[in-house]
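This report concerns aromatic pairs and helix packing in one structure.

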Amino acid sequence: MFLTFISAVQAGTQREEPLIDSVRTALSAAVHQSGPPTLVHADVKAVNAFGQWLTQNEARLDKHLQRRKSSPTAASVANVAIAAAPNSSNVAPDFLAHELANSHLRREFLQTVWYESQRAGLEPSLVLGLIQVESGFRKFAISSAGARGFMQVMPFWTRVLADGDASVLFQAQTNLRFGCVILRHYLNVENGDLFLALGRYNGSRGQAPYPNAVLAAQKGWQ
């Protein structure tokens, strides 16, 4: 379900599975809770820990994007982003070459990753590793299976949990909200087995390449 030029791991297709009413209601409520990312820390120690995390990962993300920018696939990635972006004819290609091109956007993105990860009970490093494998940090990425955005969320989830408007998956916080809620759901379904939950997220449950790729990428964000 992720872009084939981002990773050598074989892409899968996340399957739409029946949900009992109580689960559907809970997931829909989790997706729709309103309000912007508000970071609440328990104490000064937690504030300092977050500040350190943010500083470290801003530097890591910047290095990752610089490597991506200099890679041979950068031009083809930019072309996909331009084609996928809403009103792409009105947006300069240089801007769409990377949607996290300036420090403000990178900081805002990382703050949202932290918020949505914590909200779903996930490690932010895991979510960042998944995004790296799934989309290479491309906001407007679309896979061959139709998965969209940073966390490559399948459009059927907007029908199952929302009003069916898949274009919202190109909104950063919405995409991260859906992706984190879905991964938490799969972790619950698999009784906390991260290997199987990641496989289910990718549509390749029980196969090693995708979970191994995400877990390897996660180490770079810890």
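Tryptophan 157 and tyrosine 186 are both buried in this predicted model. The two residues form an edge-to-face aromatic pair, as listed in the table below. Tryptophan 157 belongs to helix H7 (residues 156-161) and tyrosine 186 to helix H8, so the pair links distant parts of the chain, 29 residues apart.

Tyrosine 186 also pairs with tyrosine 201, again edge-to-face. Because tyrosine 186 lies in helix H8 and tyrosine 201 in helix H9, this pair ties together parts that are 15 residues apart in sequence. The relative accessible area of tyrosine 186 is 2%, and that of tyrosine 201 is 0%, so tyrosine 201 counts as buried.

| Aromatic pair | Centre to centre | Angle between planes |
|---|---|---|
| Tryptophan 157 and tyrosine 186 | 6.3 Å | 70 degrees |
| Tyrosine 186 and tyrosine 201 | 6.5 Å | 90 degrees |

The count of aromatic pairs comes to ten. One aromatic cluster is formed by Phe109, Phe137, Phe150 and Trp221.

Turning to helix packing, the axes of helix H9 (residues 194-202) and helix H10 (residues 209-219) come within 8 Å and cross at roughly 110 degrees, which means that H9 is roughly perpendicular to H10. Tyr201 is among the H9 residues of this contact, and Tyr210 is among those of H10. The contact residues comprise eight nonpolar, three polar and no charged.

Helix H5 (residues 103-120) and helix H8 (residues 172-189) have axes that come within 9 Å and cross at roughly 30 degrees, so H5 is roughly parallel to H8. Their crossing is right-handed. Residues in the contact include Phe109 and Glu116 of H5 and Arg177 and Cys180 of H8. Seven nonpolar, three polar and four charged residues make up the contact of H5 with H8.

Technical notes: Residues are numbered from 1 along each chain as its sequence is written. This is a predicted model: local features need pLDDT of at least 70, side-chain atom pairs count only at pLDDT 80 or more; totals for chains, interfaces and linings use all residues. Side-chain values use heavy atoms; hydrogens and water are left out. Axes are lines fitted to C-alpha atoms, for helices over the stretch in contact, and angles run from 0 to 180 degrees between N-to-C directions. Helices (H or I, at least four residues) and strands (E, at least two) are DSSP runs, numbered from the N terminus. Angles under 35 degrees count as roughly parallel, over 145 as roughly antiparallel, 65 to 115 as roughly perpendicular and the rest as oblique. A crossing is left-handed if the near helix is turned anticlockwise from the far one by less than a right angle, and right-handed if clockwise. Contact means heavy atoms within 4.5 Å. Ala, Val, Leu, Ile, Met, Phe, Trp, Tyr, Cys and Pro count as nonpolar, Asp, Glu, Lys and Arg as charged, and the others, Gly among them, as polar. Rings of Phe, Tyr and Trp (its six-membered ring) pair if their centres lie within 6.5 Å; planes under 30 degrees apart count as stacked, over 60 as edge-to-face and the rest as tilted. Buried means under 20% relative accessible area, exposed over 50%, partly exposed in between (1.4 Å probe, protein chains only).
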